[in-house]
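The exercises below concern helix packing, domains and model confidence. Each task is followed by a solution in steps.

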Amino acid sequence: MSHKVIIPIGPYHPLQEEPEFFKLFVEGEKVSDIEIVIGYNHRGIEKICESKHFDQVAFVVERICGICSTSHPFAYVNAVEDLAQIEVPERALFIRTIIAEMERLHSHLLWLGLAGHFIGYNTVWMWAWRYREPLLDCFEMISGNRNHYAMMKVGGVRRDILDEYIPPLKKALDEINRAVDMFKGAVMDDPVIHARLKGIGVLTYDQAVEWSVVGPTARASGVDIDVRRDDPYGAYNRIDWTVVIRKEGDVFAKTVVRILEMYESIRIIRQCLNKMPKGEIDAEVKDIPPGEGIGHAEAPRGEVFHYVRSDGTNRPIRHKVRAPSYMNVASNKIAAVGQSISDATITLAAVDPCYCCTERVAVIDRFRNRKILDGWDLIRLSQEKTYKLRKK
Amino acid sequence: MRDILSEIKERLKDRIDNWYEHNPRRIYFSIDKNDIREIAQILFEDLGLRFATATGMEVPEGFEIVYHFSFDKSGQIISVRTLINNKNNPEIDSLAVISPCFEWIEREMWEMLGINFVGHPNLKRLLLAEDWPEGKYPLRQR
């Protein structure tokens, strides 16, 4: 009865930050295999970095991602400071931490909105993105930009957080805290969301370790890792906060981890604002000596890893970049296989790949009627399932 | 807390060619390229290190690959360095048979540097375009 169908997802859509192509092999309703094709947006940044001097590279790597645009420069400056053993002033460490946590907040809100949209909760989508706005305004106030903040530089930060910025920032945090309370209630208390997300797209502890996944994807499977705590950088070891762990490994656990992490981010920013010492915001950096350095940082999606090698000139001779989705997206092969098509969208989106938009989807019957469905059909399938559950 | 460094030294003994601690959290050591699969197995499976990534690069003597493993309980990054002393036909054992997490990075090093990973189950292009010319390796020095 069942014939094999291929459902391609991607690769291009103007809304996506990173084009990827998921080819779902479907038998009846069940996903039987998945092929992941990446590289559509390969820009050769590692190669470009070899021709930029150490200060310029921070701006280049900032352009790797538009959502977590501070994590790459953060990991990069950690790597160069490790290489050249540069002491960074205290105040700069606190400012870096504040920026990184603000970014985590806005990134998790963005994901929550998209996840809500995929399962038919468009109100969550609108509200999550509405509460992201005051945060972006704060970014604009501090750095002049809503998205590419360009705060990191080797040896410190480029802009100070002035005293007059602190009251509006605290006000925005209060507002977001109330919003997160609301989202937490909306997710935790809604039986339909439980029915849609629990037991879906499970990645067990052993699988998470085997695929070496990172970030919320790992923490939702009970893998207790977080670079901020394990290898403290910035001001994370001067602050009181906890790592959020869930054991179930399903989409629901990943959602809960991200929601609870937003509380931790708010806690971290508030403490940083109160504890931030006065003083210099950057150290004087002399020549970078020959050698190698490794820096990593916990981006909203997981560990960002940078390796820099210098031969004593003013340019890195090799700069390796590994983004968290590189490890996480590959694990979709485990999480999505065996699911029904209507759950595929949310499962693929649950690792929060920089690719969240499954709009460009087509259904192709491999054998007979080569029918091609519009991309919205997959999202509609997913949303219809929620409506049916709600009626019950 | 587990002292992972003495465990590694205990298990690998004289197979470690050169041990270097940049600081207590950044450890590098070199090994012979023929030992890579066995050593990766010990580090990844037996000692439970997490594979972060690998850096491949061209050096004057040939090609160098640095495999970065992370021990998250202590925040240490242990980098295993190996040299492929062959400019024309670089080859090394694939680690993708140990775990799928090595698969993508080996495909990337294969297409970017032209290093052949022997035993890789699916050695095809990851990032480069389909119409990129054969035999051109973007991360080679010349």
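**Exercise 1.** At what angle do the axes of helix 2 (residues 54-62) of chain A and helix 3 (residues 71-84) of chain A cross?

Solution. The model is predicted: local features need pLDDT of at least 70, side-chain atom pairs count only at pLDDT 80 or more, and totals for chains, interfaces and linings use all residues. Residues are numbered from 1 along each chain as its sequence is written, while chains are lettered from A and ligands numbered from 1 in the order in which they are written.

Step 1. Helices (H or I, at least four residues) and strands (E, at least two) are DSSP runs, numbered from the N terminus. Axes are lines fitted to C-alpha atoms, for helices over the stretch in contact, and angles run from 0 to 180 degrees between N-to-C directions.

Step 2. The two axes cross at roughly 150° and come within 8 Å. Helix 2 of chain A and helix 3 of chain A are therefore roughly antiparallel (angles under 35 degrees count as roughly parallel, over 145 as roughly antiparallel, 65 to 115 as roughly perpendicular and the rest as oblique).

Step 3. On the helix 2 side of chain A the contact is made by Phe54(A), Val57(A), Ala58(A), Val61(A) and Glu62(A); helix 3 of chain A brings His72(A), Pro73(A), Tyr76(A), Val77(A) and Val80(A). Contact requires C-beta atoms, placed from the backbone, within 7 Å.

Step 4. By class, this contact has eight nonpolar residues, one polar and one charged. Ala, Val, Leu, Ile, Met, Phe, Trp, Tyr, Cys and Pro count as nonpolar, Asp, Glu, Lys and Arg as charged, and the others, Gly among them, as polar.

**Exercise 2.** Describe how helix 4 of chain A packs against helix 5 and helix 14 of chain A.

Solution. Step 1. The axes of helix 4 (residues 90-118) of chain A and helix 5 (residues 122-143) of chain A come within 7 Å and cross at roughly 160°. That makes the pair roughly antiparallel.

Step 2. Residues of this contact include Met102(A), Leu105(A) and Leu109(A) of helix 4 of chain A and Trp125(A), Trp129(A) and Leu136(A) of helix 5 of chain A. The classes are 14 nonpolar, five polar and one charged.

Step 3. Helix 4 of chain A and helix 14 of chain A pack at about 170°, with axes 9 Å apart, which makes them roughly antiparallel.

Step 4. Here Leu114(A), Ala115(A) and Phe118(A) of helix 4 of chain A meet Thr345(A), Ile346(A) and Ala349(A) of helix 14 of chain A. Five of the contact residues are nonpolar, one is polar and none is charged.

**Exercise 3.** Which helices supply the side of domain 1 of chain A that touches domain 2 of chain A?

Solution. Step 1. The domain assignment gives domain 1 (4-41 + 328-391) and domain 2 (45-327) of chain A; such bounds come from an automatic or database assignment.

Step 2. Domain 1 of chain A puts 28 residues into the contact and domain 2 of chain A puts in 30.

Step 3. Helix 13 (332-336), helix 14 (341-350) and helix 15 (376-391) of chain A each supply at least two residues of the domain 1 side. The largest share, eight residues, comes from helix 15 of chain A.

**Exercise 4.** What contact does chain B make with chain A, and what are the confidence scores?

Solution. Step 1. Each chain gives 21 residues to the contact. On the chain B side, the largest share is six residues from strand 3 (residues 50-59) of chain B.

Step 2. That side of chain B has 12 nonpolar, five polar and four charged residues.

Step 3. The model scores ipTM 0.95 and pTM 0.90. Mean pLDDT (the predictor's confidence in each residue, from 0 to 100) is 85 for chain A and 92 for chain B.

Note on methods
Contact = placed C-beta atoms within 7 Å.
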